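Dear colleague,

I am handing over a structure for your study, and I ask that you keep it open while you read. The notes on what was found in it follow below.

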Amino acid sequence: MVESGTLVYLAYGLYLLWLLAGTGDFHLHRRTHLPVTSGVRESALHGAQLACVGAGVLAWLSFVPNRLLGTVLVALAAVHVLLAYWDTASADGVRRIAPVEQHVHSVLDACPWVFAVGVLVMADAGWQWVWQPRALSVWIALVVPAGVLTVLPWLLEFAAAAKCRRMKMNL
């Protein structure tokens, strides 16, 4: 059996790999000139996907992990899937989505489900919201890397797409 401390380090390592996959995805978007091809529409969908995932992480940081929280996380993962489909559909035929980008998307799509199911499996039996925020060090360990590795690249992508859109409108 895996000790709980080992499980925590394993989960944190997977979380960081997930964030790095997000960083890689934004790098691949730049390589295919997303701001000038699929632009604001696709980037806005990326922001919505980040919001779904971020809401789940913030909820886990704030509440006791129980069946209610696990169910909410499953719902957020389902919304993430719908947004991911819409995202790919909006880019299809507009910019090249290379096989490596599709594989990165596989990681990004699977992780919300792993997180949600993990919470459900390890959850308390309760079905109510119980406010119990994690320690500040846990917040920092999860939020700061997410901000640097995914939110900042998305903001840069969205700003570049908005700038290209304004330039196109002025032509």
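Two residues are in contact when heavy atoms of theirs lie within 4.5 Å. Among contacts in the protein chain between residues at least 6 apart in sequence, 90% join residues that are at least 24 apart.

Please note that this is a predicted model, in which local features need pLDDT of at least 70 and side-chain atom pairs count only at pLDDT 80 or more, while totals for chains, interfaces and linings use all residues. Residues are numbered from 1 along each chain as its sequence is written, and side-chain values use heavy atoms, with hydrogens and water left out.

Overall architecture

The protein chain has five helices and zero strands, where helices (H or I, at least four residues) and strands (E, at least two) are DSSP runs numbered from the N terminus. Along the sequence the pattern reads α-α-α-α-α. The C-alpha atoms fill a box of roughly 60 × 30 × 30 Å, taken along the principal axes. Of the 171 residues, 37% count as buried; buried means under 20% relative accessible area, exposed over 50%, and partly exposed in between (1.4 Å probe, protein chains only).

Helix packing

Two packed helices are described by the angle between their axes and the distance between the axes. Axes here are lines fitted to C-alpha atoms, for helices over the stretch in contact, and angles run from 0 to 180 degrees between N-to-C directions. Angles under 35 degrees count as roughly parallel, over 145 as roughly antiparallel, 65 to 115 as roughly perpendicular and the rest as oblique.

Helix α1 (residues 4–31) packs against α5 at an angle of about 10°, with the axes 9 Å apart. This makes α1 roughly parallel to α5. Residues in this contact include Tyr12, Phe26 and His29 of α1 and Leu149, Trp154 and Glu157 of α5. By class, the contact of α1 with α5 has 13 nonpolar, four polar and one charged residues. Ala, Val, Leu, Ile, Met, Phe, Trp, Tyr, Cys and Pro count as nonpolar, Asp, Glu, Lys and Arg as charged, and the others, Gly among them, as polar.

The axes of α2 and α3 come within 9 Å and cross at roughly 170°. The two helices are therefore roughly antiparallel to each other.

His46 belongs to helix α2 (residues 39–62). With 5% relative accessibility, His46 counts as buried. Leaving aside residues up to four places away in sequence, His46 touches Phe26, His29, Leu34, Asp87, Trp154 and Glu157.

Aromatic residues

The structure holds six aromatic pairs. Rings of Phe, Tyr and Trp (its six-membered ring) pair if their centres lie within 6.5 Å; planes under 30 degrees apart count as stacked, over 60 as edge-to-face and the rest as tilted. One of the pairs, Trp60 with Phe115, is edge-to-face, at 6.4 Å centre to centre and 65° between the planes. Trp60 lies in helix α2 and Phe115 in helix α4 (residues 99–122), so the pair ties together parts that are 55 residues apart in sequence. Trp60 counts as partly exposed at 22% relative accessibility, and Phe115 counts as partly exposed at 24%.

The charged end of Arg134 also sits over the ring of Trp60, 3.9 Å from its centre. A charge sits over a ring if NZ of Lys or CZ of Arg is within 6 Å of the ring centre and within 35 degrees of the ring normal.

Yours sincerely
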